[in-house]
Structure formats: C-alpha cells, structure tokens
Amino acid sequence: MLELDRVRVTRDGFSLGADMQLRRGQRVAVLGASGAGKSTLLDVVAGFQPVAEGRVLWDVADLTGRPP
C-alpha cells in the first residue's frame with residue numbers, strides 16, 4: 001500500500017497538502033489545473049521532492065527522505 005500521511009510540501013511560497021492511501025491494484029487519476037501540484041505530488045512519491053511535514057509510506061517502510 002502507498003500511503004501519504006499528512007504530507008505537506010512548500011515550494012516557492014506554494015503549499016501542497018496530501019493525505020491518501022492506495023492499495024495494490026487500485027488506480028488513481030490526479031487531475032487539476034496547471035500549477036495545481038500534480039507533478040509535485042508525483043515527485044514526492046518518487047523521492048525527488050522533499051516533504052516539509054508528514055510521511056510517504058510503502059507498505060510499512062517509511063520512504064520519507066530516502067533517495068529516489
């Protein structure tokens with residue numbers, strides 16, 4: 001399961017917050033206007049963007065702050 005536990009990212013004065021759980025086999029669509037934070041959210045999950053608060057979990061492993 002991929003879990004974003006109260007994740008908050010701050011970038012250039014912009015703050016993005018996310019809190020969700022995705023189980024294996026589930027699909028999700030990330031929709032929004034240009035500049036809404038879709039790519040930033042994917043960068044957080046991939047480990048390219050550091051989080052200001054919260055945790056990124058894969059099953060029980062905390063991936064927050066680990067390299068991509």
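Residues are numbered from 1 along each chain as its sequence is written. Because the model is predicted, local features need pLDDT of at least 70 and side-chain atom pairs count only at pLDDT 80 or more, while totals for chains, interfaces and linings use all residues; side-chain values use heavy atoms, without hydrogens and water.

User: In what order do the strands of the open sheet lie?

Analyst: Strands are DSSP runs of E with at least two residues, and helices are runs of H or I with at least four, numbered from the N terminus. Two strands pair if DSSP finds at least two bridges between them. The pairing is antiparallel, and the order is β2-β1-β3-β4.

User: Which strands are the edge strands?

Analyst: An edge strand of this sheet pairs on one side only. The edge strands are β2 (14-22) and β4 (61-62).

User: Which residue in β4 is the bridge partner of Trp 58?

Analyst: β3 and β4 form a hairpin with 2 residues between them, and Asp 59 in the turn has a positive phi of about 55°. The bridge partner of Trp 58 in β4 is Ala 61.

User: At about what angle to β1 does helix α1 run?

Analyst: Helix α1 (residues 38-46) lies across β1, β2 and β3 (53-58). Axes are lines fitted to C-alpha atoms, for helices over the stretch in contact (heavy atoms within 4.5 Å). Angles run from 0 to 180 degrees between N-to-C directions, and here the angle is about 120°.

User: Is Thr 40 buried or exposed?

Analyst: Thr 40 is found in helix α1 and touches Val 9, Arg 11, Leu 16 and Gln 49, not counting residues up to four places away in sequence. Buried means under 20% relative accessible area, exposed over 50%, and partly exposed in between (1.4 Å probe, protein chains only). Thr 40 has 13% relative accessibility, so Thr 40 counts as buried.

User: Which element gives the most to the lining of the largest pocket?

Analyst: A pocket is an open set of points on a 1 Å grid over the protein atoms alone, where a 1.4 Å probe fits, with protein on both sides within 12 Å along at least five of seven lines; lining residues have an atom within 4 Å of a point. Of the 14 lining residues, those closest to the centre include Val 44 and Leu 63. With 3 residues, the element that gives the most is α1.
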